[in-house]
Amino acid sequence: MRHPPRLSALLAGAALTMASTAFAVMGTASGAAAAPVCTVEYSVSGQWAGGYQGAVTLTNNSAALNGWSLGFDFPAGQVVSQGWGGKWSQSGTSVTVVNETWNAALATGAKVTGGFIASWTGANTAPTAFTLNGTPCNIDGPTPTPTPSTTPPTTPPPTTTPPTTPPPTGTPVTGAPELSVTGNKFTDQNGAVRRLLGVNRSGGEFMCVQGYGFFDGPVDDASVKAIADWKANTVRIPLNEECWLGLDNIKAEYRGTNYVNAVKDLVTKVLAHGMTPVVELHWTHGQYTGNSSGCADVYASCQKPMPDAQYTPAFWTSVANTFKNDRRVVFDLFNEPYPDRATSTAAQAWSCWRDGGSCPGIGYEVAGMQDLVDAVRATGSKNLVLVPGIAYSNDLSQWLTYAPTDPAGNLAAAWHVYNFNTCSDETCWNNTLAPVAAKVPLLAGEIGENTCGHAFIDRVMKWFDDRGLSYLGWTWNTWNCNSGPALISSYDGTPTAFGIGLRDHLRSLTP
């Protein structure tokens, strides 16, 4: 989130959508003389040695349905390893895709899309027949075969393992785990798969630079225990680089060693209650007055489009040195990048995001995500690192293509979503999030809505639960939930109408 309530209004992010090359397979049910029962578009967006990514888009040309099942056979022995947009299963060569609860209704003329990753050997011939709820869709004309390419359409981080390799299993460790990336899952030191589920604790990013203190509200043991009582297992802690580094524009009592010790104390309390602390860089130095500027201030008093090369690598060097001997602490590199608002093309935005330097539209020298990963790893830290996307972390469409290289192989993707963002529905999530989540672990570091209700985050949590992914609610602060997402009305854990949704859901996930 970009602004606490004492500052300016929220801005919505923008997202790009993935494009893929598709071909149509038209079918008519046996004996029918008019419209086909269904139309299926089978697409292959990329193919590499032994694997490929594809999608099927079903158009219902029959009566409205409340529940659907798409069936087809792979003619060359392909095997699905990951699927989204429906419940995927395979028996021999036969594949079945059954609706999720949120896309069960399929009106006449409505479309639904499911994506998948599959392995292949010898040939990758496209399916030649489809059924909708058991009714055949006969092929009306020849079926094209996808043209193989030598490399995947998106380049996964070189340190990750293929999603076809299942993560090891083991008994979860007690308390906060030392997290590692195994394929597309978080795992602990016993090899058990873990999810990060919890809240954000805002305040450390703005109170110090505004001259009021370290945090907004209490961070004593009782207030941290209240978070744990919601059955949260993770607390994200936003920070300010100028306060951490002790720059002169910050009041002496709230900067440098005093600030660092306050953060360390909160991290210790979070760990003591068995939760994972995520220390995250929220506000940074650098003057930006361009499109969607949060402020004209050169100081770290608002969300900037990108980290600055002057101070941010030094910040992460210091943070990594502080916590590198405790791998239970997770590093979130930068809150909500938005170089896409400053640059004219997506390629420029993503290049700026990864490589930094002199970025179009940004007047200060930028530190890219690769610079920050390098700063962390140069300290010897092996801690898990989270890397957000662009468009205020709401766009991951090119994350795999531009992902920084991590010599430690412990890198995951971070994403934010609110009901007012561009990528805020299941179609966008299926198209842009699911391919990332099939390759690397994915954490929704902020989820929320400005309705003072929880209908939207209920949908987000359902989508993430169905895929075993992680999410954190914004925010554990006693703000007015009618003006922005606030989970609580008291630091004893009393929820707002919005917070009830997250609290009750987290508790329902606990055996």
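**A strand pairing and beyond**

Analyst: T187 sits across from V193, a residue of β15. Before going further: this is a predicted model, where local features need pLDDT of at least 70 and side-chain atom pairs count only at pLDDT 80 or more, while totals for chains, interfaces and linings use all residues. Residues are numbered from 1 along each chain as its sequence is written, and side-chain values use heavy atoms, with hydrogens and water left out.

Back to that spot. β14 covers residues 185-187 and runs antiparallel to β15, with 2 bridges between them. Strands pair here if DSSP finds at least two bridges between them; helices (H or I, at least four residues) and strands (E, at least two) are DSSP runs, numbered from the N terminus. Zoom out a bit and you get an open sheet of 3 strands, antiparallel, in the order β13-β14-β15. β13 (180-182) and β15 (193-194) are the edge strands with a single partner each, so one side of each has no neighbour in the sheet.

Now over to helix α4, residues 312-323. Its 12 residues reach 17 Å from first C-alpha to last, close to the expected 16 Å (1.5 Å times one less than the number of residues). T312, F315, W316, V319, A320 and F323 are its buried residues, with buried meaning under 20% relative accessible area for a 1.4 Å probe and protein chains only, exposed over 50%, and partly exposed in between. Looking down the axis of α4, these residues fall within an arc of 125°, so they line one face of the helix; the arc is taken from the directions from the axis to the C-beta atoms. What does that buried set of α4 pack against? The partners are β17 (234-240), α2 (241-245), α3 (257-272), β18 (276-283), β19 (330-332) and α6 (369-378), with contact meaning heavy atoms within 4.5 Å.

On to the rings: the structure has 26 aromatic pairs. W350 is in helix α5 (residues 346-355) and Y402 in helix α7 (residues 399-402), so here the linked parts are 52 residues apart in sequence. W350 is buried at 0% relative accessibility, and Y402 is buried too, at 16%. The pairing rule: rings of Phe, Tyr and Trp (its six-membered ring) have centres within 6.5 Å, with planes under 30 degrees apart called stacked, over 60 edge-to-face and the rest tilted. Elsewhere, Y42, Y52, F72, F74, W88, F116 and F130 make up one aromatic cluster.

Most residues other than glycine have a negative phi, and most peptide bonds are trans. A391, not a glycine, has a positive phi of about 55°, and Y392 likewise has a positive one, of about 60°. A391 is in the loop between β20 (385-388) and α7, and Y392 is in the loop between β20 and α7 as well. A391 is buried at 0% relative accessibility and Y392 at 1%. Finally, the peptide bond from W474 to T475 is cis, with omega near 0°; T475 is in the loop between β23 (470-473) and α10 (497-508).
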